Amino acid sequence: MSYIIKICGLTDKDQALKIGKMGATHIGMIHYEKSPRHISLEKIEGISNVLKGISKSVAVVVNPSRELVEELLEIVDLVQLHGDESPEFVSFFPKERAIKAFRIKSEKDIDRIKPFTQMGITILIDAYSERAYGGTGKQINPELAKKIVDFYSKTVLSGGLSPENLPDILKYIKPYGVDASSKLEIKPGIKDIKKTETFIKTAREFYESVYKTA
């Protein structure tokens, strides 16, 4: 039995380590120049190294080259593909080391997800935004999110998650994992440690109670 509690958009090594020790299962770092949380490959490697044995390191990229993904897989545990990558592109990489993210606008988007679910890959669903690929703080429609989670169990929920709204969302949608970024920040790339700790504790309590009763 497993679950994912991912804190994303980390830029600072000490913060990443602290958050990992709080119980985040995955720590996300963004390598995408248009993001305010973008960091270099060297910085990603430094953060990834301190997380070994504590949390899984995840590099988040948007429409990358195959070479970049291969390079990242040398330094992190997983790569999250947050753009318009095709099933053919994603199939180049080990399925247990990739997460495919989708911005969800309507029920029609479920059809886009299906080829990836057939591969058995972990997927992440985020709120749709025209101006950004993620980290907007927008929340996905809960009914739609629930429909996707019911359809495919290995679905991580992202988009506008906070310590305040997390209990109700977890209870209603019951995703395989949760991913938070902007609602836990003081400024882009720097987390509010107290908020982050509350978020992780809430998520862990939920997942541990689910597995206890399963």
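At what angle do helix α1 (residues 13-22) and helix α2 (residues 41-51) pack, and how far apart are their axes? In the predicted model examined here, the two helices pack at an angle of about 30°, and their axes lie 9 Å apart. Because angles under 35 degrees count as roughly parallel, this value makes α1 roughly parallel to α2. The crossing of the two helices, α1 and α2, is right-handed. On the side of α1 the contact is made by Lys-13, Ala-16 and Leu-17, and on the side of α2 by Gly-46, Ile-47, Val-50 and Leu-51. Sorted by class, the residues in this contact of α1 with α2 comprise 5 nonpolar, 1 polar and 1 charged.

A second helix pair was described in the same terms, since two packed helices are described by the angle between their axes and the distance between the axes. The axes of helix α5 (residues 109-117) and helix α6 (residues 142-151) come within 12 Å and cross at roughly 25°, which makes α5 roughly parallel to α6. Here, too, the handedness could be assigned, with α5 passing α6 in a right-handed crossing. The residues that meet are Ile-110, Ile-113, Lys-114 and Thr-117 in α5 and Lys-147, Ile-148 and Phe-151 in α6. By class, the contact of α5 with α6 is formed by 4 nonpolar, 1 polar and 2 charged residues.

Attention then turned to the strands. A closed barrel is formed by 8 strands, which follow one another in the order β1-β2-β3-β4-β5-β6-β7-β8 with parallel pairing, and the twist from one strand to the next averages 25°. At the residue level, Ile-27 has Ser-57 in β3 as its bridge partner. In general, strands of a sheet pair through backbone hydrogen bonds, either parallel or antiparallel.

At the level of the whole chain, the secondary structure amounts to 8 helices and 10 strands. The radius of gyration of the chain is 16 Å, close to the 17 Å that the globule rule gives for 214 residues, so the chain is as compact as a globular protein of that length. Along its principal axes, the C-alpha trace of the chain spans about 40 × 40 × 35 Å.

Conventions:
Residues numbered from 1 in each chain as written. Predicted model: local features only at pLDDT ≥ 70, side-chain atom pairs only at ≥ 80, totals over all residues. Heavy atoms only, no water. Axes fitted to C-alpha atoms, helices over the stretch in contact; angles between N-to-C directions. Helix = DSSP H or I, 4+ residues; strand = E, 2+ residues; numbered from the N terminus. Parallel < 35°, antiparallel > 145°, perpendicular 65-115°, else oblique. Left-handed = near helix turned anticlockwise from the far one by under 90°. Contact = heavy atoms within 4.5 Å. Nonpolar A, V, L, I, M, F, W, Y, C, P; charged D, E, K, R; others polar. Pairing = 2+ DSSP bridges. Rg over C-alpha atoms; globule rule 2.2 N^0.38 Å.
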